[in-house]
Amino acid sequence: MTALDLAPDRTGARTDAAADVITGARERIDALDDRIIGLIQERMAVSSVIQDARISSGGRRVNLAREMEVLGHYRDALGRPGTSLAMTLLELCRGRV
């Protein structure tokens, strides 16, 4: 059995060359996903520090004006789907309000 025989099952490609490109690109995506997850975890930790400082000073857990800035930043950079991404990120970092 050749790589060409396995390519459609593994990658959906019809040639070995395309299967190689897809496999390499998927490896890069997997590495990028690992980095993104790490950055999100780092953001969650920093957000926790901010929330703790805000609460300990008598403030609220969430600053809605700041969250609107974050939503706008993601929307401006990524379009409408960026808003959904930012909402998910904010939820991960502060929980539901």
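A salt bridge here is a side-chain nitrogen of Lys or Arg within 4 Å of a carboxyl oxygen of Asp or Glu. The model is predicted, so local features need pLDDT of at least 70 and side-chain atom pairs count only at pLDDT 80 or more, while totals for chains, interfaces and linings use all residues. Residues are numbered from 1 along each chain as its sequence is written, and side-chain values use heavy atoms, with hydrogens and water left out.

Searching the whole structure turns up three salt bridges. In one of them, Asp-76 pairs with Arg-75, N to O, at 3.7 Å. Asp-76 counts as exposed because its relative accessibility is 62%, and Arg-75, at 42%, is partly exposed (buried is under 20% relative accessible area, exposed over 50%, partly exposed in between, with a 1.4 Å probe and protein chains only).

Glu-69 teams up with Arg-66, their closest N and O atoms being 3.2 Å apart. These two sit about one helical turn from each other, because they are three residues apart in helix 3 (helices are DSSP runs of H or I with at least four residues, and strands are runs of E with at least two, numbered from the N terminus). Arg-66 is partly exposed, at 44% relative accessibility.

Then there is Arg-94 with Glu-67, at 2.8 Å from N to O. Arg-94 belongs to helix 4 and Glu-67 to helix 3, so this pair ties together parts 27 residues apart in sequence. Both Arg-94 and Glu-67 are buried.

As for helix 2, its buried residues are Ala-19, Ser-47 and Gln-51. After helix 2 comes Gly-58, with a positive phi near 95°.
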